[in-house]
Amino acid sequence: MSRSDRKISDVARLRDASEWVQRLNEPDAEAIVDDWLRWCASDSRNLPAFEQMQRLWNAFPAQNPHTLHTGRPVTALKYRGTLAALIAGVALLGGLAGWLALRYPQVLVADTSIGEQRHVVLADGSQLDLAPGSEVSARFTPARREIELKRGQAFFSVAPHALRPFTVHVNGLSVTAAGSEFDVRSGPGSTVVTVRAGLVNVAPGASQSAGQTGTVVESAQARAGQRLTFSSSTRRLVLANIGSTAAGSWRGGTLEFVGEPLEEVVETINRYRQPQIVVGPELQQTRFTGTVSPAEVRDWLTALEKIYACKVVDRGAAGIFIQARAYNIARN
Amino acid sequence: MADADRRPAQLCEDMAVLPEATATAVSQLFREHNRLLVGYLAVRLRSEQEAKEVAQEAYVRLLQLKEPGDPVLLRAYLFKIATHLAIDRLRHRTVRHRAEEQGMLLPVEVDTSNRESDDPARQLLAREQASQLLGYLQELPVKCQRVFSLHRLDGVPQREVARRLRCSERMVRRYVTYAMLYCSLRSEGVAADQVRRKVSL
């Protein structure tokens, strides 16, 4: 029997099933549920027919807001937004920035507490891993994707979109990428951008170049395996080759440092665990290279005592203090 | 799956306080009506995966009832809870859509977004199926196409479609039913002329 030999009763059943799908789709469907259940119970072939029609009903593409659920904003909407922005800009003459801020408000993407790590997918398909003790906000407009790293560290995997730049704002710097993988860390004395893949441009942020004359920072680029460090004291960008595996290695649970001040190292570790570690002032700029596992930080501290002229003092909940030996002797 | 895991535990807890009849009543309801409930919810939510999730949630709520009462009333209550949960989901979805439309991004936790709709292969399949169905729609009389696309694709209520196109609601229902039947048979592989001979408006 071929498909086309379908019995009249089958067609009638599908017809009924289709009617039920429509009726159950109406706002007051609850009232007819009993009738529908009776219809389903009256013949064992009714429910399969209903399911067939329900699948068909759902298989049509969704176009209205109630049914759109995985879709991105329709292109037409974006253009409408751009056009509206244009008109508003002309009308307000300079009020455009404020208007845009209202139209596309900055929203919190995620914030993590100590020891907490999160993976987030953004609306454009870009992904980010947020390290412990970090916070990221974002503002997406039709023309740009702007992220703000307010504290801590994040690793970004940017979805390529040539006409819509992806910029991370951090400590007055603008880190711009087009389809790259890179890590950004905001530390106490410096900001570190490490590139795993692609190319990243680091430039002074808009507010900085306008507000702080005389301290113009030149922009610089980093490729895969390179690191750009911006020191807030020297106000300079320093490029270093450190290898591409270092960027974002913290996601696997290992913190990798290449010639970084102890102050930065400890600040990073502190985002993972309690009690906090405090570095004495004379050791803060001491450079450290190596890996640290936050779970085994005691081992690291023991090793530290051997490598540097320092002493580790555990004061319980008050913290763990790394002090210079000479300093200790002088005080005693 | 969290809800599914929670169910037996909830059951045990309730059984300690309530007569065994309660647990039995709910599990019987589940056996006899789960497929129906999922079918009902799938129509409203337009996603079977979400329908299953909401159904689970509804059973869990039901188990929190102090007294099971009459089986027919319990069933009615189950559908009532499910309807409300579905409405909540749809509302949430609308908010989400609006946010996306305004260019805001909505963070999605990767671990919790294990939905069928996020599977690229499935998405591709769904898109292909959708474009095929839209192709079948083109074969229908113009008026029928217009009615169906207004109602199903643009989400205009049938009453409103009737008003706009100046025909009776009964006619709108018949057009929509015909379009569904037609597309269903066509997607089963029945030739267009065969379908037309077999199915009348």
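## Cavities

A cavity here is a set of points, on a 1 Å grid over the protein atoms alone, where a 1.4 Å probe fits but cannot get out, and its lining residues have an atom within 4 Å of a point; grid points are joined across faces, edges and corners, and the volume is the space filled by probe spheres set on the points. The structure is a predicted model, in which local features need pLDDT of at least 70 and side-chain atom pairs count only at pLDDT 80 or more, whereas totals for chains, interfaces and linings use all residues. Residues are numbered from 1 along each chain as its sequence is written, chains are lettered from A and ligands numbered from 1 in the order in which they are written, and side-chain values use heavy atoms, with hydrogens and water left out.

The structure contains 3 cavities of 30 Å³ or more, and the largest cavity holds about 170 Å³ of space. This largest cavity is lined by 19 residues, of which A:Q153, A:R185, A:A246, A:E256 and A:E260 are the closest to its centre.

## Lining of the largest cavity

Three strands of chain A, β8 (181-186), β9 (190-197) and β14 (255-261), each supply at least two lining residues, and β14(A) gives the largest share, with 5 residues. Strands (E, at least two residues) and helices (H or I, at least four) are DSSP runs numbered from the N terminus.

By residue type, the lining comprises 8 nonpolar, 6 polar and 5 charged residues, where Ala, Val, Leu, Ile, Met, Phe, Trp, Tyr, Cys and Pro count as nonpolar, Asp, Glu, Lys and Arg as charged, and the others, Gly among them, as polar.

## Backbone features

Most residues other than glycine have a negative phi, and most peptide bonds are trans. A cis peptide bond, with omega about -10°, joins A:Q274 and A:P275, and A:P275 lies in the loop between α7 (262-270) and β15 (277-279) of chain A.

Positive phi values occur at A:N171, at about 45°, and at B:R166, near 50°. Buried means under 20% relative accessible area, exposed over 50%, and partly exposed in between (1.4 Å probe, protein chains only).

## Chain B

Chain B has 9 helices and 1 strand, in the order α-α-α-α-β-α-α-α-α-α along the sequence. Of its 201 residues, 44% are buried.

Notes
1 Å grid on protein atoms, 1.4 Å probe; cavity = no way out; pocket = protein on both sides within 12 Å on 5 of 7 lines; lining within 4 Å.
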